[in-house]
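Biologist: I have the structure open beside me. Could you take me through it, starting with the overall picture and then going into a few residues?

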Amino acid sequence: MIPEFSNPSVCMKDPQRVQDIMESMAKAGSNTVQVISDFDMTLTRFAYNGKRCPTCHNILDNSDLVSEECKEQLKELLDTYYPIEIDCSRPVDEKLPLMVEWWTKAHALLVQQRIKKDHLALVVRESDAMLRDGYQLFFDHLHEHSIPLLIFSAGIGDILEEVIRQAKVFHPNINVFSNYMDFDDCGVLRAFKGELIHIYNKREGALLNSGHFEELRARPNVLLMGDSLGDLNMADGVQDMENILKIGFLNDKVEERKQSYLDSYDIVLVKDETLVVPNGVLLYLTGNK
């Protein structure tokens with residue numbers, strides 16, 4: 001076992017299985033590995049000094065680019081739909097149409113704000129968005145070892161990319177599947193592009209982007225990172241998968257959700273605002289341990 005697993009935030013249902021998967025992946029070599037990760041509250045912090053950190057949507061919602069009236073409407077949507085999103089007692093197929101409803105309404109409100117593309121960088125800079133501690137090692141190590149990182153996000157791709165760029169870790173090994181803004185010739189937001197990606201349809205998103213996974217056919221070993229049960233489907237497009245190690249960040253509502261996370265993720269990190277454990281796993285897989 002790697003030393004990072006003695007971290008008090010680490011919970012595992014079956015430590016031996018985790019060890020077996022890691023040994024199998026390490027033996028196959030880092031050139032067979034790919035990383036698939038969620039973004040908001042997985043690569044970014046959930047909270048800092050007791051204060052919630054913003055998601056990609058929050059960065060826009062809280063900014064001066066959005067009117068007070070629009071902010072109130074977005075807050076109403078959050079208060080209505082977020083409790084549904086995290087309610088473990090509701091089946092996913094019941095939540096699905098409600099998540100589509102939420103995201104569609106929120107995006108329609110943002111389009112009405114006539115947001116300008118060239119204002120996004122400043123909005124990100126002024127926000128409280130933070131990548132998790134240890135992000136530099138995580139992004140740089142993957143790049144140095146030419147390990148592809150697919151970021152799969154129900155957030156806003158333009159904002160997500162800007163957060164990573166401003167942290168100076170947007171390397172060429174990164175691919176992003178997310179909701180991207182569509183700007184008119186004057187650089188004003190007029191719509192969102194393509195199929196809507198929300199928290200519970202990442203499986204469909206994975207299958208829609210099968211070309212990406214086809215290119216990575218020689219990388220059948222997957223490290224998957226997420227913070228919701230919906231993230232578990234992000235690797236469903238991977239072809240001929242041999243091993244998958246799933247790391248789940250349990251940021252909130254710990255007691256209610258801990259068992260379902262332990263049943264679904266191989267490693268559960270409880271209220272851990274760092275990437276220390278994923279970094280330890282990566283160093284092991286690349287022979288640096």
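**Overall architecture**

Modeller: The secondary structure of the protein consists of eleven helices and eleven strands. Please bear in mind that this is a predicted model.

Biologist: What is the radius of gyration, and why does it agree with a compact globule?

Modeller: The radius of gyration is 19 Å, which agrees with a compact globule because 289 residues in such a globule would give a value near 19 Å. Along the principal axes, the C-alpha atoms fill a box of roughly 55 × 40 × 35 Å.

Biologist: What percentage of the residues count as buried?

Modeller: Of the 289 residues, 57% count as buried. As for the accessible surface, it comes to about 13,000 Å², with 49% belonging to carbon and sulfur atoms.

Biologist: And the contacts between residues at least 6 apart in sequence: what share join residues at least 24 apart?

Modeller: That share is 71%.

Biologist: Changing topic, how many positive and negative side chains are there?

Modeller: There are 30 positive and 46 negative side chains, and the centres of the two sets lie 1 Å apart.

Biologist: How many disulfides does a search of the whole structure find?

Modeller: The search finds zero disulfides. Cys 56, for example, is in none, and the nearest cysteine sulfur, that of Cys 53, is 12 Å away. A disulfide would require the two sulfur atoms to be within 2.5 Å.

Biologist: Is Cys 56 buried or exposed?

Modeller: Cys 56 is buried, with a relative accessible area of 1%. Cys 11 is also buried, and its relative accessible area is 16%.

Biologist: Let us turn to Val 268. Where is it found?

Modeller: Val 268 is found in strand S11, which covers residues 267-270. Val 268 counts as buried because its relative accessibility is 1%, and the cut-off for buried is under 20%.

Biologist: Which residues is Val 268 in contact with, leaving aside neighbours within four places in sequence?

Modeller: Val 268 is in contact with Ser 9, Val 10, Cys 11, Gly 248, Leu 250, Tyr 261 and Leu 262.

Biologist: Last topic, helix H11. Why is it described as largely enclosed by the rest of the structure?

Modeller: Helix H11 spans residues 276-285, and nine of its ten residues are buried, so it is largely enclosed. Among the buried residues are Val 277, Pro 278, Leu 282 and Tyr 284.

Biologist: What happens just after H11?

Modeller: Gly 287 takes a positive phi of about 75° there.

Technical notes:
Residues numbered from 1 in each chain as written. Predicted model: local features only at pLDDT ≥ 70, side-chain atom pairs only at ≥ 80, totals over all residues. Heavy atoms only, no water. Helix = DSSP H or I, 4+ residues; strand = E, 2+ residues; numbered from the N terminus. Rg over C-alpha atoms; globule rule 2.2 N^0.38 Å. Buried < 20%, exposed > 50% of the residue type's maximum accessible area, 1.4 Å probe, protein only. Contact = heavy atoms within 4.5 Å. Areas by Shrake-Rupley, 256 points an atom, 1.4 Å probe, with all protein chains shown as cover. Lys, Arg positive; Asp, Glu negative; His and termini not counted. Charge placed at Lys NZ, Arg CZ, Asp CG, Glu CD.
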